[in-house]
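Please read these points with the sequence and the model open beside you.

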Amino acid sequence: MTNEIRRAIVVVRGTYPGEYPGSSTELPIVWDQTGHHTNVTALTSHPNLQLPASSAIQLVCRLRAPLTVRGRLLQDGQQVSPEKYLATWRTAPRVCHSRVAEDLQIALSSVATFDLRVERCNKGGYLLEELGIVDIDSLVSQFPAVPVGQQWRIEFDLASPHAWRVFAQFAARSYYDPEVRAQPAQFHVQTRALAGTAPQPDLFGEELA
Amino acid sequence: MSYRIEYAHRTLRVDGSEFPDAKDRYIVLAEGGDSNCYGSDNRRSRSWGAIAIGRLEEVLEDGCQLAAACESEGLRLKGRALRPEAYLRLLREQMRKAQPTCSARYRLGLYCRTETDDETDMLLRALPGAARTIERDWNNKPVVVYRFAENGQLDFRLFFSVYPAIRCAKHAWHFVDSSNL
């Protein structure tokens with residue numbers, strides 16, 4: 001049994017290239033108490049392609065509200081109906097992604113492990129030219145990449161202004177584009193408590209139910 | 001972007017006395033269709049189909065998955081946007097005033113249509129009772145159909161004995177033929 005004791009929605013504007021002005025993506029953050037431990041988790045849309053969703057309410061409705069029906073998920077120690085659970089989420093604090101550290105005392109980062117056909121990426125048009133990322137070399141110069149076997153592991157600090165776009169671009173490209181993709185990519189958003197708060201477990205690789 | 005419109009709902013209740021746990025089962029049906037599909041009469045196409053099946057808790061759990069689409073207006077009620085909470089309340093209301101299955105026992109079909117030798121087929125083949133036949137789909141491809149009926153009457157006890165095991169693999173509309181309702 002899990003007890004959700006706190007919730008917040010991180011709002012990121014203009015994540016995806018070509019979005020219409022004013023659009024945003026949302027990342028619901030939950031503080032779950034299990035026994036004496038509190039886990040902070042960023043809810044994302046797909047176990048392997050953990051991109052932020054366009055609507056936090058839609059995501060919690062799909063992932064978390066069903067757990068309230070039989071009391072597997074409590075909200076502030078109380079068993080609640082899915083309707084009440086969603087109503088509470090509508091009043092959850094909304095935080096701009098640049099203020100996550102100050103307002104929520106957590107750090108958000110994303111670890112991407114992927115295996116791309118580098119020669120296809122380097123043909124251009126696949127990357128973000130307006131951010132100065134025109135090929136794999138320029139990507140690695142901005143975001144340190146660690147080779148892991150045949151794959152690369154890149155850690156994106158999601159507090160940086162361009163990281164969301166780069167993360168989303170690479171996630172989408174390497175997942176949907178068979179020309180570029182060599183192996184299925186793995187993307188994980190991880191949360192880390194900042195100093196002064198209770199220690200948090202490393203959530204890297206932990207998939208959502 | 002197109003969206004799904006649900007125009008009407010109807011819910012059938014299978015009395016709990018048919019089951020070991022004595023809990024009622026529900027079959028929630030909806031008349032719905034896509035916003036951008038029109039018939040020859042220039043009216044939006046629509047048809048009846050099951051959207052959720054099972055005990056009250058199972059219907060609400062599946063209902064959360066369906067209701068999520070309301071938030072992005074991918075699912076609307078009679079063309080109007082509604083919140084997921086409102087859609088869940090609609091499902092509760094449907095179950096509260098559900099009709100007994102005797103009103104539809106001869107016009108409803110309970111079946112499971114699946115592919116040969118897939119996970120569902122292997123599971124159902126091992127269970128006695130359901131009649132297994134091979135039919136052809138619209139593309140003349142063979143499909144396996146299990147029918148849950150005995151002496152011409154629907155066998156709810158048999159259907160709901162296997163349904164918990166197969167509900168994760170397929171959506172509710174795979175199991176109910178409501179074309180004669």
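1. The bend at a residue is the angle between axes fitted to the seven residues ending there and the seven starting there. Helices (H or I, at least four residues) and strands (E, at least two) are DSSP runs, numbered from the N terminus. In H1(B) there is a kink of about 30°, centred on B:Cys64. This is a predicted model, in which local features need pLDDT of at least 70 and side-chain atom pairs count only at pLDDT 80 or more, while totals for chains, interfaces and linings use all residues. Residues are numbered from 1 along each chain as its sequence is written, and chains are lettered from A and ligands numbered from 1 in the order in which they are written.

2. H1(B) has 16 residues and should span 22 Å; its end C-alpha atoms are 23 Å apart, which agrees. For H2(B), residues 84-96, the 13 residues should span 18 Å, and the end C-alpha atoms are 18 Å apart, so this agrees too.

3. Is H1(B) mostly covered or mostly uncovered? A residue is buried if 20 or more other C-beta atoms lie within 10 Å of its own, exposed if 12 or fewer, and partly exposed in between; C-beta atoms are placed from the backbone. H1(B) is mostly covered, with 12 of its 16 residues buried. Among them are B:Glu58, B:Glu61, B:Asp62 and B:Cys64.

4. B:Glu57 is also in helix H1 of chain B. It counts as partly exposed because it has 13 C-beta neighbours inside 10 Å. Two residues are in contact if their C-beta atoms, placed from the backbone, lie within 7 Å. Leaving aside neighbours within four places in sequence, B:Glu57 is in contact with A:Val69 and A:Arg70. Its C-alpha atom is separated by 14 Å from that of B:Gly16, 41 residues apart along the chain.

5. Two loop residues of chain B deserve a look at their backbone angles. B:Glu73, in the loop between H1 and strand S4 (75-77) of chain B, has a positive phi of about 60° although it is not a glycine. B:Glu73 counts as exposed because it has 12 C-beta neighbours inside 10 Å. B:Lys78, in the loop between S4 and H2 of chain B, has a positive phi near 50° and is likewise a residue other than glycine. With 9 C-beta neighbours inside 10 Å, B:Lys78 counts as exposed.

6. The buried residues of H2(B) are B:Pro84, B:Glu85, B:Tyr87, B:Leu88, B:Leu91 and B:Gln94. They pack against H1 and H3 of chain A, and against strand S1 (4-14), strand S2 (25-34), strand S3 (47-54) and H1 of chain B.

7. A nonpolar core is a set of buried Ala, Val, Leu, Ile, Met, Phe, Trp, Tyr and Cys residues joined through C-beta atoms within 7 Å. The largest such core has 71 residues, and those touching the most other members are A:Ile29, A:Val60, A:Cys61, B:Ile27, B:Val28, B:Ala50 and B:Ala67. Helix H1 (residues 56-71) of chain B gives the most to this core, with seven residues. Not counting residues up to four places away in sequence, the residues that B:Ala50 touches include B:Ile27, B:Val28, B:Trp173 and B:Phe175.

8. How many residues does each chain bring to the contact? Chain A brings 14 residues and chain B brings 13 residues. On the side of chain A that touches chain B, helix H1 (56-63), helix H2 (65-68) and helix H3 (82-90) of chain A each supply at least two residues. That side has eight nonpolar, three polar and three charged residues (Ala, Val, Leu, Ile, Met, Phe, Trp, Tyr, Cys and Pro count as nonpolar, Asp, Glu, Lys and Arg as charged, and the others, Gly among them, as polar).

9. Confidence should be read chain by chain, using pLDDT, the predictor's confidence in each residue, from 0 to 100. Chain A has a mean pLDDT of 74, with 60% of its residues at 70 or more. For chain B the mean is 88, and 96% of residues reach 70 or more. In chain A, pLDDT stays under 50 over residues 196-209. Where pLDDT is low, the predicted coordinates should not be read in detail. The model scores ipTM 0.87 and pTM 0.81.

Technical notes
Expected span 1.5 Å × (residues − 1).
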